[in-house]
Amino acid sequence: MARGKKQNPFAARKRQKRANGAPERPDRRAEPYKEIERDNAAFIKYYHLQNICADEEEWTQFLASIRENLPTTFRVTGFKDEAKALLNIIKTQLFTEYVRAVAELHELPAEQVERPLCLPWYPNGMAYQLHLTRKDIRRSEPLFRLHNFLIVETTAGSISRQEAVSMIPPLVLDVQPTDKVLDMCAAPGSKTAQLIEALHASPEQHKIPPGFVLANDVDNNRCYMLVHQAKRLNSPCLLVTNHDSSFFPNLLQTDVATNAKTILKFDKILCDVPCSGDGTLRKNPDIWMKWNLAQAYNLHGVQYRIVRRGAEMLAVGGRLVYSTCSLNPIENEAVLQRIIKDSEGALELVDASHLVPGLKYKPGMTDWKLATKEVDAIYTSFDQVPEQLHTIIRPTMFPLPAAEMSQIGIEKCMRVLPHLQDSGGFFVAVIEKRRPLNFEKNDLEDLLKKAELLDKPEQPEAQLDESGKPVEDEKSVPWGPQRKRRRLHGYKEDPYVFFDEDDADYESIRQFYQLNETLNKRCLLTRCKTERKKNIYYCSDPIRDLVINNESNIKIINTGVKTFVRCENRHTVHPYRLAQEGLQTSNAFIGSSRRIQVEREDLILLLNCTDPTKPPSTLELKPETQQRCKELGVGSCILKYVDEAFTLFIVGWRGTSSLRAYVDRDETIHILRLLGADLSKFEVNKYEKAKEAAAAAAAAAAAAGNAAEQKNDEAEEVMESSEKE
């Protein structure tokens, strides 16, 4: 062993066992995959005990349903201009292909194939359920076009693949474009995306919504997953933070009327708290093997602290939605009865079923029992709980007396069970705040003092000794008592540097793109402290205010949508091009000088050019487009296409003698699909590719074998000739 190198104790133990003749553990990778057994005696006993179903017949249906795989669901991004056109394509072309592919997969006549189900409770018929599992779509060759469609349109931000029951909480939160929204446990981001869609639901009324969505998660790595999900929607009204939701700090905001700093209160808060997840058994069958009651007992306290903190940050008259993907009353009704009781009338459960008409659900439970981890002992009150379990099972987990429970209105909660509409299991409750809570924290003065200290760091007066020399503070010397600074987990984020009033780059950008005065240039930002800016982002005014006032108070992961990108070209007079991601926002502020209206045939020609080194010549375009190109100088521009059903705006690049569309592959396919163009060039059949790769590998192996045989024959001939000599 090398000097100074530590020995691996696990490897040493393994070597010792081998030396002692212990039998080696079998290599499971060589064994065939075993299907997970969808059974758990403790789970079945516990939920049968709770009477979550009305009778034995329904209980049998529940068990049969929860053991089946979950069907695939998706929804169309509703606020986009082309949403209706895409929905029409889905209903006609996609579903026709779906019926054909499913008929081929199951060897059935097309008439017997069940059509996709439009979810009746989702607004405007924008969500569909397919009678196929994720595994079916991913691993079946007849369905490769459906699989390609889901991947491309999801990446382009036009649809979102999301479990049906997961769509309910944002709907009952009833977000309006003016709302300040907090998503406390946001990752992986499907519900956050829904909240952003609701915020942008009235583009004709608000160019940029006055409200915003603050999406938070405690897990640093999951925050980046959240950014990836939400960024597909390209909203300037999103701020992603990384903090423990149960101790989420109060945030400062600037009052528009008085310009004074106040504590931010949210109009809408979503608390989709961490849970045991037994409502997702159809999607995650591995939970069958590890389910036990200890998970619910451990999470009850965390869930309560999160919803309590959320209630504190909620504005009076605001709405909070508490949701879990668990069926357990310990994680659901027990948490809610506790927070409603502690609020002493400040919080009230409300019925929000009118926001999801057609959704089948059961009311909240008013009575439930607790049990040991193995469900071998049942408790109906805390008095029955043995002393050794008092730290695990707490009095607040038991149902309140019937008289108190009737005043809370726990039956207004919604329990969605898998067998009711072929979905996952879910729990949703809607709370409204009637007055401030008695335990609300108001630390405005402390926050203002902290902000002042950061703006103007105080210089401590130097203390002198008897001889007049400065005395060293013991905190400043390495051997003195030192205070450890709180360490933020995860990556160190780049700074958020907003434009100044006299920013050098803004004036040239304004002149080149004829930006109008309604664009607040101070909402433009970069992520680096350098004069040579690479990417320029844009965020809304409230988001800018949040970042400036709270950057030192909470870890900010991401904000702003990419609007301008440095793209220096020897032929152009301006170094910044437009970014397609930010065009949804910046388009409203850009003048007419950098715009070209194109016809359908021209746009299809531009999009079909996939080689950026060989863009289409302007001579290939229609005369009207050619004339407009002559009037336009070299550089970034906006291509506008007007259809009867929608209008498209695409970033383009006017070259010296060419014009090209500046969009990525998935966005290209999405636009071509809307235009009704031929997509065969972009269709990828991974099964055919795999067959071709296998055939190529077999041919290469055969060629190598033939070459080896030829060499052997030559060697034998040489040996024979030498023997004769």
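Start by selecting helix H4 (residues 83-106) together with helix H21 (residues 665-675): in this predicted model, the two pack with their axes 10 Å apart, at an angle of about 75 degrees. Since angles from 65 to 115 degrees count as roughly perpendicular, that is how H4 sits relative to H21. Now show the side chains where they meet. On the H4 side, pick Ala85, Leu86 and Ile89; on the H21 side, pick His670, Arg673 and Leu674. Colour this contact by residue type and you get 4 nonpolar, 1 polar and 1 charged.

Next stop: helix H8, residues 190-199. Is it enclosed or open to the outside? Of its 10 residues, 9 are buried, so H8 is largely enclosed by the rest of the structure. To check them off, click through Ser190, Lys191, Thr192, Ala193, Gln194, Leu195, Ile196, Glu197 and Leu199.

Now over to a sheet. Select S18, S19, S20, S22 and S23: these 5 strands form an open sheet in the order S18-S19-S20-S22-S23, with antiparallel pairing. At the edges you'll find S18 (497-498) and S23 (576-578); each has a single partner strand, so one side of each is left without a neighbour in the sheet. Zoom in on S22 (residues 561-566), which pairs with S23 over 3 bridges, in the antiparallel sense.

Last, go to strand S21 (residues 555-559) and pick asparagine 558. Its relative accessibility is 18%, so asparagine 558 counts as buried.

Definitions and conventions
Residues numbered from 1 in each chain as written. Predicted model: local features only at pLDDT ≥ 70, side-chain atom pairs only at ≥ 80, totals over all residues. Heavy atoms only, no water. Helix = DSSP H or I, 4+ residues; strand = E, 2+ residues; numbered from the N terminus. Buried < 20%, exposed > 50% of the residue type's maximum accessible area, 1.4 Å probe, protein only. Pairing = 2+ DSSP bridges. Axes fitted to C-alpha atoms, helices over the stretch in contact; angles between N-to-C directions. Parallel < 35°, antiparallel > 145°, perpendicular 65-115°, else oblique. Contact = heavy atoms within 4.5 Å. Nonpolar A, V, L, I, M, F, W, Y, C, P; charged D, E, K, R; others polar.
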